[in-house]
Amino acid sequence: MGKDKETVSGTLYIAATPIGNLEDITLRCLRILKEVDLIAAEDTRHTRKLLTHFNISTPLISYYREKEVQRSTQLVERLVEGESIALVSDAGTPGISDPGAVLVARARGAGINVVPLPGASALTTALSVSGLTHPHFLFLGFAPSKKSQRRSLLTSLKNSPWPLVFYESPRRIQNLLSDILKILGDRQGFWARELTKAFEDLKSYKVSTLLELTTSKKSRGEFVLIIEPDKDKEVCAEGKNLQELLLWYRDNTDMTLKDVSRKLADDLGLSRSSVYQQALDIYQRK
Ligand code: SAM
């Protein structure tokens, strides 16, 4: 049983709403949206549809990116006066590539009780069906829309040992995939499109194939894109020591002893001759 039996005055609730399928709203969220004095919404027209669907008539106020600072001041004043407020975004969890962080920080700074109402997020929904076995991932949100900034972000991620997770719109998915192909190479990718909606689409392919799919027909729907790490970087990131790495390269690649020694010495910043000596030892054991 949850701890809040009724809405507490002067509390800010951060409420996750569905990313497509309206049945994905939680019972707790519905109750709090009914009980609060005010709902701050990224787009009031969008949220009104959700509220109408669930017969909720709580007043709405807009809270969007460009007005975050100004609106936060007003909302914190109302919270201090004892009003209870729920913050929602257009879809998913506020503050995750959505407005919300400014209000949360200010409210917490003013000593206001901030309560999360967990629920849908495209990030966790996509990861849950990706089949990725990595224990870690790197969430990048939206890559910059400016080509030069996007490319320099991708360049900085080249050696990342973690799967990279991006949000992307149908308008820009092609540019992103094309830059990934150029900069990170033809890695294994996964996209989750239109999650929880009628035309939900999950695809695991190399980046080049995903790119072809976006060029062959018009891409509709919002995407979560996951790009797997370069296999070599992944192996190093698993915390293997030099001996284990040498064994892994010996058993899983066709690389020569010399090439493996040079590569590992360079990757790990070790002396080539000492890595070569240890590699000799391991390769002779085969
Ligand atoms: N705060 C939201 C969350 O928790 O998921 C994300 C908001 S962000 C402005 C919107 C982006 O999330 C979309 O461009 C897309 O990348 C992703 N997204 C949202 N809904 C989605 C869905 N149903 N299927 C796939 N991706 C989705």
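1. Let's start with a term: a polar contact is a pair of N or O atoms within 3.5 Å, and within protein one of them must be able to donate a hydrogen and the other to accept it, with residues adjacent in sequence counting only if both atoms are side-chain atoms. The backbone of E194 has a polar atom 3.5 Å from a nitrogen atom of the ligand.

2. Before going on, keep in mind that this is a predicted model, where local features need pLDDT of at least 70, side-chain atom pairs count only at pLDDT 80 or more, and totals for chains, interfaces and linings use all residues. Residues are numbered from 1 along each chain as its sequence is written, and side-chain values use heavy atoms, with hydrogens and water left out.

3. Back to the ligand. There are 19 residues around it, and I96, D98, A122, E222 and F223 come nearest (a residue is near a molecule or strand if one of its heavy atoms lies within 4 Å of it). D98 has a side-chain N or O atom 2.8 Å from a nitrogen atom of the ligand. Y167 puts a polar side-chain atom 2.9 Å from a ligand oxygen atom.

4. Now some helix packing. Helices (H or I, at least four residues) and strands (E, at least two) are DSSP runs, numbered from the N terminus. Axes are lines fitted to C-alpha atoms, for helices over the stretch in contact, and angles run from 0 to 180 degrees between N-to-C directions. Helix α3 (residues 68-80) packs on helix α4 (residues 101-109) at about 40°, with the axes 9 Å apart. The two are therefore oblique to each other; under 35 degrees counts as roughly parallel, over 145 as roughly antiparallel, 65 to 115 as roughly perpendicular, and the rest as oblique.

5. Who touches whom here? On the α3 side the contact (heavy atoms within 4.5 Å) is made by E68, V69, S72, T73, L75, V76 and L79, and on the α4 side by A101, V102, L103, R106 and A107. By class, that gives eight nonpolar, two polar and two charged residues. Ala, Val, Leu, Ile, Met, Phe, Trp, Tyr, Cys and Pro count as nonpolar, Asp, Glu, Lys and Arg as charged, and the others, Gly among them, as polar.

6. Next, look at α12 (residues 272-284), whose axis comes within 10 Å of that of α10 (residues 242-252), crossing at roughly 55°. So α10 and α12 are oblique to each other. Residues meeting there include L246 and Y249 in α10, and V275 and I282 in α12.

7. Helix α11 (residues 257-268) also crosses α12, at roughly 135°, with axes within 9 Å. That makes α11 oblique to α12. Among the residues in this contact are L264 of α11 and Y276 of α12. The contact divides into nine nonpolar, one polar and four charged residues.
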